[in-house]
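This report describes a single protein chain, going from its overall layout to individual side chains.

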Amino acid sequence: MNGFGNMSGKIIIGLEAHDATGKSETSEVLARIFGGSIYKVSDEMKSERRQACEPIDIFKKFTRDSSPESDEYNLEIFEKACNKMDESYSKESEIINKIRSNFIVMDRTWASHAAERYYQSRINGHENEYLDEKEENILWPKNVIKPDITFEMKLVPDSKRVERMTERAEEEGVEIKPREEKLNSDEQYRWLLEIARKKLGCRSFVFREKRPQEVCALRISQSILGSFDCPPMDTNLKHL
């Protein structure tokens, strides 16, 4: 098994999705159903990851194609930044293993970084060290925790997700970020992220229109309870 896997007896569930799908809200409900905890990346760790990428402005690089004359330079600095990101996810794994809960929901996992990395390798022809020989699977690093099950939430039609993102930005009085704009307008970008999640072993859950998070969480919980990857568990549905 690649990645840490479940080495502590805890059940760890990962949730992945395009921005504004409803992942964070679903994470909260799912954790309550199983009496567990939610892990979200701290602001401090987010800052560390941004700082690791600042020298090459990698987040802008994710939103545009590299110019041919600078490709060799971009590849070198891209790989250095990816290594620093992997170190950050290794540190995150240590934090998660210390959480005193038998059921943990990860609101985003290493799969988010891996999907961006896969997109970059497909667009710019960069080598991706985490693809297996046949390029059918993306392998989790040995020092990065891998959830027992990682679900990919997909809201269809995608226009509903875009509406949700726009409404959220207006309510919070913030601008939509460049990467989010690319996610909304670039179908190939979305498609390659979804292909990457499939290669990572994520289980896809498709939700029509905008269902309440309770419905999304219940559907996911049914899959967890019926999975051989997880032992029998108790649920708490009184709050629903």
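A residue counts as buried when its relative accessible area is under 20%. The model is a predicted one, and by that cut-off five of the five residues of strand S3 are buried, so S3 is largely enclosed by the rest of the structure.

**Overall layout**

The protein chain has nine helices and five strands. Along the sequence they follow the pattern β-α-β-α-α-α-β-α-β-α-α-α-β-α. Of the 240 residues in the chain, 48% are buried. Among contacts with a separation of 6 or more, 79% are between residues 24 or more positions apart.

**Strand S3 and its partners**

In a regular strand, side chains alternate between the two faces of the sheet. On S3, Phe103, Val105 and Asp107 point one way, while Ile104 and Met106 point the other way, and all are buried. S3 runs parallel to S1, with five bridges joining the two; Ile104 is the bridge partner of Ile12. S2 and S3 also run parallel and are joined by three bridges, and here Met106 in S3 is the bridge partner of Tyr39.

Helix H1 spans residues 23–33, and its buried residues are Lys23, Thr26, Ser27, Val29, Leu30, Ala31 and Ile33. The cover over these residues includes strands S1, S2, S3 and S4 as well as helix H9. After H1 comes Gly35, with a positive phi near 60°.

Helix H5 covers residues 110–124 and reaches 21 Å from its first C-alpha to its last, close to the 21 Å expected. Of its 15 residues, 13 are buried, and H5 is thus mostly covered.

**Backbone exceptions**

Most residues other than glycine have a negative phi, and most peptide bonds are trans. Ala20, in the loop between S1 and H1, has a positive phi of about 75° although it is not a glycine. Ala20 is buried, at 7% relative accessibility. Arg108 likewise has a positive phi, near 85°, and is placed in the loop between S3 and H5. The peptide bond from Val156 to Pro157 is cis, with omega near -5°. Pro157 is in the loop between S4 and helix H6.

**Charged side chains**

The count of salt bridges comes to 17.

| Pair | Distance |
|---|---|
| Arg108 and Asp19 | 2.6 Å |
| Lys23 and Asp107 | 2.3 Å |
| Lys182 and Asp186 | 2.9 Å |

What does the salt bridge between Arg108 and Asp19 tie together? The side chains of these two residues meet at 2.6 Å. Arg108 lies in the loop between S3 and H5 and Asp19 in the loop between S1 and H1, so the pair ties together parts that are 89 residues apart in sequence. Arg108 is partly exposed, at 23% relative accessibility, whereas Asp19 is buried, at 12%.

The side chains of Lys23 and Asp107 meet in a salt bridge at 2.3 Å. Lys23 is in helix H1 and Asp107 in strand S3, so this pair ties together parts that are 84 residues apart in sequence. Both ends are buried: Lys23 has a relative accessibility of 9% and Asp107 one of 7%. Salt bridges that share partners also join Glu16, Asp19, Arg108, Glu116 and Arg179 into one network.

In the pair of Lys182 and Asp186, the closest N and O atoms are 2.9 Å apart. Lys182 is buried, with a relative accessible area of 12%.

Glu180, in helix H7, is buried yet has no salt bridge. Which side chain of opposite charge is nearest to Glu180? It is Arg168, 4.4 Å away. Leaving aside neighbours within four places in sequence, Glu180 is in contact with Asp19, Met165 and Arg168.

**Cysteines**

The structure holds zero disulfides. Cys202 is buried, at 11% relative accessibility, and Cys216 is buried too, with a relative accessible area of 3%.

Key: Residues are numbered from 1 along each chain as its sequence is written. This is a predicted model: local features need pLDDT of at least 70, side-chain atom pairs count only at pLDDT 80 or more; totals for chains, interfaces and linings use all residues. Side-chain values use heavy atoms; hydrogens and water are left out. Helices (H or I, at least four residues) and strands (E, at least two) are DSSP runs, numbered from the N terminus. Buried means under 20% relative accessible area, exposed over 50%, partly exposed in between (1.4 Å probe, protein chains only). Lys and Arg count as positive and Asp and Glu as negative; His and the chain ends are not counted. A salt bridge is a side-chain nitrogen of Lys or Arg within 4 Å of a carboxyl oxygen of Asp or Glu. Contact means heavy atoms within 4.5 Å. A disulfide is a pair of cysteine sulfur atoms within 2.5 Å. Two strands pair if DSSP finds at least two bridges between them. The expected span of a helix is 1.5 Å times one less than its number of residues.
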